[in-house]
Amino acid sequence: MEQAPSDPERQLQPASLEPLGLPDAGLEAAAGEDVQGAREEGSGVDAMTENHFWLKKIEISVSEAEKRTGRNAMNMQETYTAYLIETRSVEHADGQSALTDSLWRRYSEFELLRNYLLVYYPHIVVPPLPEKRAEFVWHKLSADNMDPDFVERRRIGLENFLLRVASHPVLCRDRIFHLFLTQEGNWKETVNETGFQLKADSRLKALNATFRVKNPDKRFTELKHYSDELQSVISHLLRVRARVADRLYGVYKVHGNYGRVFSEWSAIEKEMGDGLQSAGHHMDVYASSIDDILEDEEHYADQLKEYLFYAEALRAVCRKHELMQYDLEMAAQDLASKKQQCEELATGTVRTFSLKGMTTKLFGQETPEQREARIKVLEEQINEGEQQLKSRNLEGREFVKNAWADIERFKEQKNRDLKEALISYAVMQISMCKKGIQVWTNAKECFSKM
């Protein structure tokens, strides 16, 4: 990923506007005053310099998954999976063992939590949830979302999501997130009372802003392009891995035929029988080992999938920036139009073709009193427009500053995680090859003893 330019606080405003001073608020202030009711007290602490975070005080785990049956909102019978979330305080007095709190959550509740975080923290690359249905499957892997192996991998993914949020310097302080871990009853009602759905940006409006914005920030444009490429590269990598898993599974299982043939052969040989029987046993062990190998591989694939979904989280930040830039440009355009109208009324000249100009020619000029009244109204609107534009500029520049701070944090996390995952995957492949060599070495010794 390319490094951002040296000035991450470049203003968001159109080039024709005078630059405004940058605010001094920290990263957490970017969510605005509307979020104050959704956070704990003490959020004014500089989150980027505090390294302990909430994970230093509490342990979080999704320890169990359970298949359940119930009725949905349409009063229809449905089968779903519930996940047991356990939290335990690390800090406790007098050496007493800390009590463990636990509650059950559905996947849809995890989705509700993430949607809330996306709305209230648009400048943050919000951690993604694991896939709802299996993707990039190979023939032995079930695509059923109720499959026990898939449910187990999703349990691990949901735990990872909670740990990501809890370790984030801003998200970990959110009150709704705390209640998600501690309040089982009426949690959905609490989230809905925040009104986050009403604050969510319209998809159509965001799409309109993407195509109509005139002065997009080059860095966000490049980031959006990077996220598209990252998603494409990881998708291709997962497809290749699925094809390799298919073929590798077949190759290993075919080795089981060696075991069967050697066993049949040993039955008709006296001197060579024991050696052939032992070699056949080694071949059977080799054939059956692929199941555990590919099961371990799925965990590495899930790590890649997390960053496949992170690409969409990056695009969400870019879309929010485009929308803010578009609103700013529309406010600037409206202000310029009102200033031109005021000037034309004051001087009595019309610079451009307008319905007002045609009306004046047809029905005559306005009286001085009418003109003065209109000028007064326009001046009030211009004053309000200037204040609004100034506010949007400040909001926009702070969004850029805070977004890039979090993007830099994400980049460090991404580089560290993907490096670790790829190295571990390579080590696993080396170990698999060594086991294959050992099997054939043992078979060689069996043949030598015949």
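Q: Which residues in helix 2 meet which residues in helix 3?
A: L162, V165 and A166 in helix 2 meet F177, F180 and L181 in helix 3. Contact means heavy atoms within 4.5 Å. Helices (H or I, at least four residues) and strands (E, at least two) are DSSP runs, numbered from the N terminus.

Q: What should I know about the model itself?
A: This is a predicted model, in which local features need pLDDT of at least 70 and side-chain atom pairs count only at pLDDT 80 or more, while totals for chains, interfaces and linings use all residues. Residues are numbered from 1 along each chain as its sequence is written, and side-chain values use heavy atoms, with hydrogens and water left out.

Q: Back to that contact: how many of its residues are nonpolar, polar or charged?
A: The contact of helix 2 with helix 3 has six nonpolar residues, no polar and no charged. Ala, Val, Leu, Ile, Met, Phe, Trp, Tyr, Cys and Pro count as nonpolar, Asp, Glu, Lys and Arg as charged, and the others, Gly among them, as polar.

Q: And at what angle do helix 2 and helix 3 pack?
A: The angle is about 140°, and their axes are 11 Å apart. Axes are lines fitted to C-alpha atoms, for helices over the stretch in contact, and angles run from 0 to 180 degrees between N-to-C directions. Helix 2 and helix 3 are therefore oblique to each other; angles under 35 degrees count as roughly parallel, over 145 as roughly antiparallel, 65 to 115 as roughly perpendicular and the rest as oblique.

Q: New topic: how are the strands arranged?
A: Three strands form an open sheet in the order 1-2-3, with antiparallel pairing. Strand 1 (58–71) and strand 3 (100–106) are the edge strands, each pairing on one side only. Two strands pair if DSSP finds at least two bridges between them.

Q: How many bridges link strand 1 and strand 2?
A: Strand 1 and strand 2 (residues 77–89) pair over 13 bridges.

Q: Which strands do helix 2 and helix 3 touch?
A: Helix 2 (residues 148–167) packs on the sheet and touches strand 1 and strand 2. Helix 3 (residues 175–182) also packs on the sheet, touching strand 1, strand 2 and strand 3.

Q: What about helix 9 and helix 11?
A: Helix 9 (residues 290–347) and helix 11 (residues 368–448) pack at about 165°, with their axes 8 Å apart. That makes helix 9 roughly antiparallel to helix 11.
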